[in-house]
Amino acid sequence: MRIESRYNGPAGSGNGGWSAGIFAAGAGDTGPVEVTLRRPPPLETDLTLVDGEVRDPAGELVAEVRPVGMIDAVVPPVDLDTAVAASTRYPGLVEHPFPSCYVCGPQRADGLRIFPGRLPDGRTAAPFRAPARVSTATVWAALDCPGGWAVLAPGRPYLLGRIAAVIAALPRPDDECVVTGALLRVDGRKALVHTSLYGPDGALLGAARATWIAS
């Protein structure tokens, strides 16, 4: 397994959702999977997965992967127009801790450009146009940052620590999708969030629960 440099989150390390999706695919599980990141995923590095542990060439633990039961983490959908309007309020357009993030970085013309803005009820929502090449890692990535932006605020950066996702279907290239996120609770430095991805017809494509950790 290898995280290519273009799939970065914070500069110099892999986007958490994309990396988790690669690790989940490497585990070969078809049901819900939970990935715990033990360190920032290294880029352009050959990683191995043995007995649920992802390690780098030096043997350092990068992540842990395990199957989990049913993921009850569905965030209600909104229509595309509402998501587009919310994205104009995306805080990352003004201040972003990782502006080159593949998923939500405004500096990335070649990224997914998912810009989650707040809804009146506190949820986040954003439109998402599926790229020309879609994989399960694409969906994991789309389910990542919209949850983080339910808790992120200027001067308060968080990083993904753990994410569990279930993928029902992949979007087709160029599909206009909607992703929603919600903050459930904050416990000290940890924030529990949920995210959901919906296709153009409103069908649920994937859902995730995640723990973000204040850095």
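Which residues do ring pairs link into a cluster? They are Tyr 7, Trp 18 and Tyr 102. This is a predicted model: local features need pLDDT of at least 70, side-chain atom pairs count only at pLDDT 80 or more, and totals for chains, interfaces and linings use all residues. Residues are numbered from 1 along each chain as its sequence is written, and side-chain values use heavy atoms, without hydrogens and water.

Rings of Phe, Tyr and Trp (its six-membered ring) pair if their centres lie within 6.5 Å; planes under 30 degrees apart are stacked, over 60 edge-to-face, the rest tilted. The count comes to five aromatic pairs. The ring centres of Trp 18 and Tyr 102 are 5.8 Å apart and the planes stand at 75°, so this pair is edge-to-face. Trp 18 sits in helix H1 (residues 16–27), Tyr 102 in the loop between helix H2 (80–87) and strand E5 (117–118), 84 residues apart. Trp 18 is buried, at 7% relative accessible area; buried means under 20%, with a 1.4 Å probe and protein chains only. Tyr 102 is buried too, at 4%.

Now take Tyr 90 and Phe 115. Their ring centres lie 5.0 Å apart with planes at 5°, so the pair is stacked. Both Tyr 90 and Phe 115 are buried.

Trp 18 returns in the second largest pocket. Its 16 lining residues include, closest to the centre, Arg 6, Tyr 7, Trp 18, Arg 133 and Ser 135. By class, that lining has eight nonpolar, three polar and five charged residues; Ala, Val, Leu, Ile, Met, Phe, Trp, Tyr, Cys and Pro count as nonpolar, Asp, Glu, Lys and Arg as charged, the others, Gly among them, as polar.

Methods. On a 1 Å grid over the protein atoms alone, a cavity is a set of points where a 1.4 Å probe fits but cannot get out, and a pocket is an open set with protein on both sides within 12 Å along at least five of seven lines; lining residues have an atom within 4 Å of a point. Helices (H or I, at least four residues) and strands (E, at least two) are DSSP runs, numbered from the N terminus. Buried means under 20% relative accessible area, exposed over 50%, partly exposed in between (1.4 Å probe, protein chains only).
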